[in-house]
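Please read them with the structure open.

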Amino acid sequence: MKKIFALLLALTVVVCFAGCAKTPPESENEISPPENNGTGESPDGAQVVNPYIEYSSVDKAKAALTFAPFLPPENIEGYKLDEIFIIDGRILQLGYYSEEKNDRVLYRAAAGENLDISGVYSEFPSVNELNIGGRQVLIKGDGENIFLATANIEGNSYCVYFQSGADKNLLTKYLA
């Protein structure tokens, strides 16, 4: 009886393992994981959608938005507007660059209040609030420099990210 039981148990294990073995696709229509050749394209030519759309002017970008954003000037203390994007069809991003300082400032705006649109997830040792032009602005930095500022203006969310840090004076030029 023990031999029969052992034989049945062994046969059951063999059948189970045989059932789990990989079998070749039964048809060409079977779905398999996509391959990527390093170009961002799959073998069938489909491409990954880029959520960033670049615009040649602020006016063209504004026309594509569903809200009217508050906008800073195109040139601020040596920083010149050098990139204009709409991200995911809802966030306006303006990039400013200073050749003299080799520094970048990113300004973002989106419809709706209290949205985290900064894309900055760093922890900052100093977090405070400032009043700039009658608006409450949350600032984050290292105690001396402001690296990130967020505000709600007329029902919309705004943020300014300073790559190398800034003072209140420079921040005011972007949000006043």
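1. Contact here means heavy atoms within 4.5 Å. By that criterion, and not counting residues up to four places away in sequence, N128 touches V137, L138 and I139. This is a predicted model, in which local features need pLDDT of at least 70 and side-chain atom pairs count only at pLDDT 80 or more, while totals for chains, interfaces and linings use all residues. Residues are numbered from 1 along each chain as its sequence is written, and side-chain values use heavy atoms, with hydrogens and water left out.

2. N128 lies in strand β6 (residues 126–132). Helices (H or I, at least four residues) and strands (E, at least two) are DSSP runs, numbered from the N terminus. With a relative accessible area of 40%, N128 is partly exposed; the scale is buried under 20%, exposed over 50% and partly exposed in between (1.4 Å probe, protein chains only). The side chains of N128 and S126 are joined by a polar contact of 3.1 Å. That term stands for a pair of N or O atoms within 3.5 Å; within protein, one must be able to donate a hydrogen and the other to accept it, and residues adjacent in sequence count only if both atoms are side-chain atoms.

3. Buried or partly exposed: which applies to N156? N156 has 9% relative accessibility and therefore counts as buried. Its place is in strand β9. Leaving aside neighbours within four places in sequence, N156 is in contact with residues including F67, A68, A110 and A151.

4. How many aromatic pairs does a search of the whole structure find? The search finds six. Rings of Phe, Tyr and Trp (its six-membered ring) pair if their centres lie within 6.5 Å; planes under 30 degrees apart count as stacked, over 60 as edge-to-face and the rest as tilted.

5. One of the pairs is Y107 with Y158, which is tilted, at 6.1 Å centre to centre and 45° between the planes. Y107 lies in strand β5 (residues 103–111) and Y158 in strand β9 (residues 156–166), so this pair ties together parts that are 51 residues apart in sequence. Y107 is buried at a relative accessible area of 0%, and Y158 is buried at 2%.

6. F162 and Y174 make an edge-to-face pair, 5.8 Å centre to centre with 80° between the planes. Because F162 lies in strand β9 and Y174 in helix α3 (residues 168–175), the pair ties together parts twelve residues apart in sequence. F162 is buried at 1% relative accessibility, and Y174 is buried at 0%.

7. F70 also belongs to this topic: ring pairs link F70, Y107 and Y158 into a cluster. R135 lies over the face of F70, 4.9 Å from the ring centre. A charge sits over a ring if NZ of Lys or CZ of Arg is within 6 Å of the ring centre and within 35 degrees of the ring normal.

8. Strand β3 (residues 79–87) is mostly covered, with seven of its nine residues buried. Two strands pair if DSSP finds at least two bridges between them. Strand β1 (residues 52–54) pairs with β3 in the antiparallel sense over three bridges, and I53 stands opposite I86 in β3. Strand β4 (residues 91–98) runs antiparallel to β3, joined by seven bridges. β3 and β4 form a hairpin with three residues between them, and D88 in the turn has a positive phi of about 55°.
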